[in-house]
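Please look at the sequence and the 3D structure below.

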Amino acid sequence: MNARAHQPALNHTASYYAASSLPQPELAALKGEVLADVCVVGGGFSGLNTALELAERGLSVVLLEAHKIGWGASGRNGGQLIRGVGHGLDQFTNIIGVEGVRQMKLMGLEAVEIVRQRVERFQIPCDLTWGYCDLANKPRDLEGFAEDAEELRSLGYRYETRLLQANEMHTVVGSTRYVGGLIDMGSGHLHPLNLALGEAAAAQRLGVRLFEHSAVTRIDYGPEVKVHAAEGSVRAKTLVLGCNAYLNNLNPELSGKILPAGSYIIATEPLSEEQAHALLPQNMAVCDQRVALDYYRLSADRRLLFGGACHYSGRDPKDIAAYMRPKMLEVFPQLSAVKIDYQWGGMIGIGANRLPQIGRLKDQPNVYYAQAYSGHGVNATHLAGKLLAEAISGQHSGGFDLFAKVPHITFPGGKHLRSPLLALGMLWHRLKELR
Ligand SMILES: Cc1cc2nc3c(=O)[nH]c(=O)nc-3n(C[C@H](O)[C@H](O)[C@H](O)COP(=O)(O)OP(=O)(O)OC[C@H]3O[C@@H](n4cnc5c(N)ncnc54)[C@H](O)[C@@H]3O)c2cc1C
């Protein structure tokens with residue numbers, strides 16, 4: 001029997017995206033020895049965008065993906081493209097200064113622009129739709145939104161933002177759960193797997209050599225790295241690790257700095273125009289403010305894609321639909337008779353301070369990485385790709401230096417204790433929510 005037949009997870013998870021994607025070309029696995037300026041590990045947004053940006057700067061790049069392009073979080077996420085990186089960036093003022101924090105905030109806005117430009121330049125058909133709304137669960141959230149709106153104004157944000165009070169919420173969402181919102185017309189939603197596939201195709205056109213089913217099993221570090229997969233290896237001057245929550249033990253130093261957590265999504269059957277309009281009248285993506293947040297949006301064929309929850313046990317719920325459907329019905333009881341066509345989950349990588357970890361290894365200065373987007377990576381991965389490519393190609397990158405300056409703690413207890421620790425931390429935050 002073919003070895004792959006034992007490993008169904010090598011192909012895309014059975015998501016709505018996999019079922020509605022652009023054609024997924026079968027790319028060859030790495031065989032023999034290959035040379036490159038840069039070897040990138042991971043075929044998600046982090047790896048693809050770094051590869052693409054490096055190729056644009058004239059470097060030769062090989063990218064190795066263990067499964068399929070977009071197999072990880074990048075091909076199965078909520079598709080919400082939301083401004084900003086990290087959370088509470090002012091906490092880093094003592095490390096990077098007031099101006100550094102301001103630059104990071106501006107990069108959080110630039111990150112969305114990079115996606116916009118990719119889609120436009122490479123004509124990627126990924127249903128990019130503008131319009132997003134933060135949903136307030138309690139009045140305190142609304143006060144936070146007012147501060148966010150003020151900050152966006154002070155940063156010169158050029159898209160419409162608007163605070164909504166409880167009595168205006170019906171214009172955005174057909175649910176009575178929320179006490180207000182913040183509309184942002186510079187954020188939106190898209191089909192993430194199609195974005196990844198479109199970026200992979202663009203990278204190939206720029207000369208990037210992509211290999212699928214090529215899990216990296218070992219890395220020999222040194223002034224030249226040698227990266228081993230089952231049937232081949234890559235020798236390169238520089239290595240980029242873009243494996244995020246799926247890194248496992250490939251580099252324990254980096255995996256020790258992220259806690260993998262499961263997030264889950266269900267997709268309904270296609271809704272009628274009338275039904276869809278009643279749920280999300282302006283076709284915006286929305287997200288609430290709880291620790292285990294609900295995030296949802298309509299797909300281009302009018303399914304409700306409802307995501308949420310956070311599982312830290314490392315075990316997915318046995319029946320994701322049975323787990324997620326009650327959450328959806330709490331928001332939209334009117335969907336009780338609607339069928340769920342798809343259910344799936346994926347791993348997000350959470351860092352202790354929730355800032356994306358973008359840098360290079362202290363002891364291996366030719367090894368770069370980007371990870372830990374804490375569930376908010378569709379935009380931030382694109383920024384990371386640009387910053388890594390600038391740094392690797394020797395362009396002065398003030399942005400890379402700012403991110404690289406921020407230290408990230410290693411979670412104590414190794415991989416067996418990390419998830420229970422995260423569960424405890426989240427429980428604490430949820431208890432605080434009840435106050
Ligand atoms: C269910 C879910 C919903 C989400 N919703 C949103 C959202 O709506 N908006 C948002 O902004 N963010 C969201 N996120 C987060 C976002 O998807 C991620 O932050 C982002 O996609 C991370 O991209 P990445 O390329 O770093 O990692 P991934 O996309 O996870 O890619 C890592 C890749 O590395 C490969 N890999 C790992 N080890 C090896 C190896 N040894 N050799 C070769 N390859 C290897 C994996 O196979 C994988 O394909 C969500 C995440 C999940 C799971």
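Start with T268. Its side chain reaches the backbone nitrogen of L304 at 2.9 Å. This is a polar contact, meaning a pair of N or O atoms within 3.5 Å; within protein, one must be able to donate a hydrogen and the other to accept it, and residues adjacent in sequence count only if both atoms are side-chain atoms. T268 belongs to strand β11, residues 259-268. Helices (H or I, at least four residues) and strands (E, at least two) are DSSP runs, numbered from the N terminus.

Before going on, note what kind of model this is. It is predicted: local features need pLDDT of at least 70, side-chain atom pairs count only at pLDDT 80 or more, and totals for chains, interfaces and linings use all residues. Residues are numbered from 1 along each chain as its sequence is written, and side-chain values use heavy atoms, with hydrogens and water left out.

Is T268 buried or exposed? T268 counts as buried, because its relative accessibility is 0%. Buried means under 20% relative accessible area, exposed over 50%, and partly exposed in between (1.4 Å probe, protein chains only). Beyond four places in sequence, T268 touches R303, L304, M328, V338, K339, I340 and D341. Contact here means heavy atoms within 4.5 Å.

Now step back to the whole protein. It has 11 helices and 17 strands. The C-alpha trace spans about 60 × 55 × 45 Å along its principal axes. With 435 residues, a compact globule would have a radius of gyration near 22 Å; the protein has 21 Å, so the two agree. That radius is taken over C-alpha atoms, and the globule rule is 2.2 Å times the number of residues to the power 0.38. Buried residues make up 55% of the 435. Take the contacts between residues at least 6 apart in sequence: 76% of them join residues at least 24 apart. The protein exposes about 18,500 Å², and carbon and sulfur atoms supply 53% of that area. Accessible areas come from the Shrake-Rupley method with a 1.4 Å probe; for residues, only the protein chains shown count as cover.

Next comes the ligand. Which residues come nearest to it? Of the 38 residues around the ligand, they are S46, E65, S74, Q80 and V216. A residue is near a molecule if one of its heavy atoms lies within 4 Å of it. A polar side-chain atom of S74 lies 2.5 Å from an oxygen atom of the ligand. For E65, a polar side-chain atom lies 2.6 Å from a ligand oxygen atom. A66 uses its backbone instead: an N or O atom there lies 3.0 Å from a nitrogen atom of the ligand. Taken alone, the ligand exposes 1,000 Å², and the protein buries 97% of that.

What makes up the shell around the ligand? By class, it has 16 nonpolar, 20 polar and two charged residues. Ala, Val, Leu, Ile, Met, Phe, Trp, Tyr, Cys and Pro count as nonpolar, Asp, Glu, Lys and Arg as charged, and the others, Gly among them, as polar. Helix α2 (45-56) and strand β15 (340-350) each supply at least two residues of the shell. The largest share, three residues, comes from β15.

Turn now to the backbone. Most residues other than glycine have a negative phi. N244 is not a glycine, yet its phi is positive, about 45°. N244 sits in the loop between β10 (232-241) and α6 (252-255). N244 counts as buried because its relative accessibility is 15%. A372 also has a positive phi, near 65°. A372 lies in the loop between β17 (367-371) and α9 (380-392). At 0% relative accessibility, A372 counts as buried.

A245 lies in the loop between β10 and α6. A245 is buried, at 8% relative accessibility. Its C-alpha atom is 7.1 Å from that of I258, 13 residues apart along the chain. Leaving aside neighbours within four places in sequence, A245 is in contact with I258, P260, M347, I348 and G349.

End with Y323, in helix α8 (residues 320-331). Y323 is partly exposed, because its relative accessible area is 28%. Beyond four places in sequence, Y323 is in contact with Y264, A309, H311 and P317.
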